[in-house]
Amino acid sequence: MLTGFSILSILLPDKELSKTERRRYETMPELSLETVADKSFMSDLETYLLDHLAGREFFRALKTEVETGLLLKTDANQYVKQDGYLYELDFTWKRSNVTRTAKRLAQFTEEWVPEAKVYYAVIPDKSYFLPEDEYPMQEDAWVLTQLKEQIVGVEYIDLYPYLSIEDYYKTDLHWRQEEITDVAQVLLETMKADDTKSDYRKETVSAEFYGGYAGASAYRVKAEPMYALNNSTVEAAVVYDYELQQETGVYAPEKLDGMDPYDYYLGGARALLSIRNPEKENGKKLLLFRDSFGSSMAPLLLEGYEEITLVDLRYISMEYLTKLIDVSAYDDVLYLYSQRVLRHSDSFKL
């Protein structure tokens, strides 16, 4: 077995990308006196050999299935599989991250958008829907209380009653766009942006979607379909990317063959985007502070606004933001974040 797998690993061509793990495989390290002397060659070579082992994906899946199925472990590398859904257990976050972020959002509200109507909403992580008696790690209530105490005078929009595990992808952390039209309606009605329900066409984007948890956990799972909602408003909308300084559409089909097909929505993670809705001339503008969940939500909010500007504080600081756009020109401001991002908001450029 040692000889056979060694020969196979050498003969098989190296792969460049791992779509399941969403990363690049290690390349063959350069052999030199310097890399041998500092021992980097040996460590990099070990990583390279592990990445290009013949049957690597099979053995990863076998390890996970044996640990959870035969040895009865409750999780595999902090990933859980229940009723076909994959969950990631989160033990590493710090409460100080939530407190710091809440205080900074409150400060921004007071200093820069005192005349706007400001709202905040929190998206539950998938792990919230795990049985609490089996996984007693839910601290959503503490996070919500902390936000309420710090962001005084800002209206909270409760999304929890409108979400269930069926609204999320089985193999990914994100919600499914076709399942959150009721959530979008709640946001629009609360912000008094629109009172009418929009009609959408549900279009198949990918027949075989594997989310980020599929590769990271190594569980054996089935692919699931990925859909996008469309109508005349979404089709006519124009997205401006401040970083690339170019206009695009709401959806990015070229991203489906990339590392993360979820980037189909608004092209994925971007620091600053602006969506102009030519079909709406009510003069209302929304400033949306968001994470990746907002990429699939923003198109559904277009019915109520002439313009929506999306800000991702993981890639742009608040100080620099105020130099690029006039934040006081927005009628409404919405802080829309998932529990997971709030708990790890030490990456925010506050």
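Author: Q245 is found in the loop between β9 (238–241) and β10 (246–248), where helices (H or I, at least four residues) and strands (E, at least two) are DSSP runs numbered from the N terminus. The model is a predicted one, in which local features need pLDDT of at least 70 and side-chain atom pairs count only at pLDDT 80 or more, while totals for chains, interfaces and linings use all residues. Residues are numbered from 1 along each chain as its sequence is written, and side-chain values use heavy atoms, with hydrogens and water left out.

Q245 is not a glycine, yet its phi is positive, about 55°. Its relative accessibility is 61%, so Q245 counts as exposed; the classes are buried under 20% relative accessible area, exposed over 50% and partly exposed in between, with a 1.4 Å probe and protein chains only.

A218 also has a positive phi, about 70°, without being a glycine. The place of A218 is in the loop between α8 and β8. A218 counts as buried, because its relative accessibility is 9%.

V221 lies in that loop too, between α8 (212–217) and β8 (224–230). Leaving out residues up to four places away in sequence, V221 touches K81, L86, T171, Y210 and A214, a contact being heavy atoms within 4.5 Å. From V221 to L256 there are 35 residues along the chain, and their C-alpha atoms are separated by 19 Å.

Strand β14 (residues 332–338) is another matter to look at: seven of its seven residues are buried, so the strand is largely enclosed by the rest of the structure. In a regular strand the side chains alternate between the two faces of the sheet. In β14, D332, L334, L336 and S338 point one way and V333, Y335 and Y337 the other, and all are buried.

Two strands pair if DSSP finds at least two bridges between them. β14 runs parallel to β5 (residues 117–123), with seven bridges joining them, and V118 stands opposite V333 in β14. β12 (residues 285–290) and β14 are also parallel, joined by five bridges; here F289 has Y335 of β14 as its bridge partner.

S9 has a relative accessible area of 18%, so it is buried. Beyond residues up to four places away in sequence, S9 touches H52, L53 and A54.

As for the whole, the protein has 12 helices and 14 strands. Its radius of gyration is 23 Å, close to the 20 Å that the globule rule gives for 350 residues, so the protein is as compact as a globular protein of that length; the radius is taken over C-alpha atoms, and the rule is 2.2 Å times the number of residues to the power 0.38. The C-alpha trace spans about 70 × 50 × 45 Å along the principal axes. Of the 350 residues, 50% count as buried. Among contacts between residues at least 6 apart in sequence, 74% join residues at least 24 apart. The accessible surface comes to about 17,700 Å², of which 52% belongs to carbon and sulfur atoms, by the Shrake-Rupley method with a 1.4 Å probe, where for residues only the protein chains shown count as cover.
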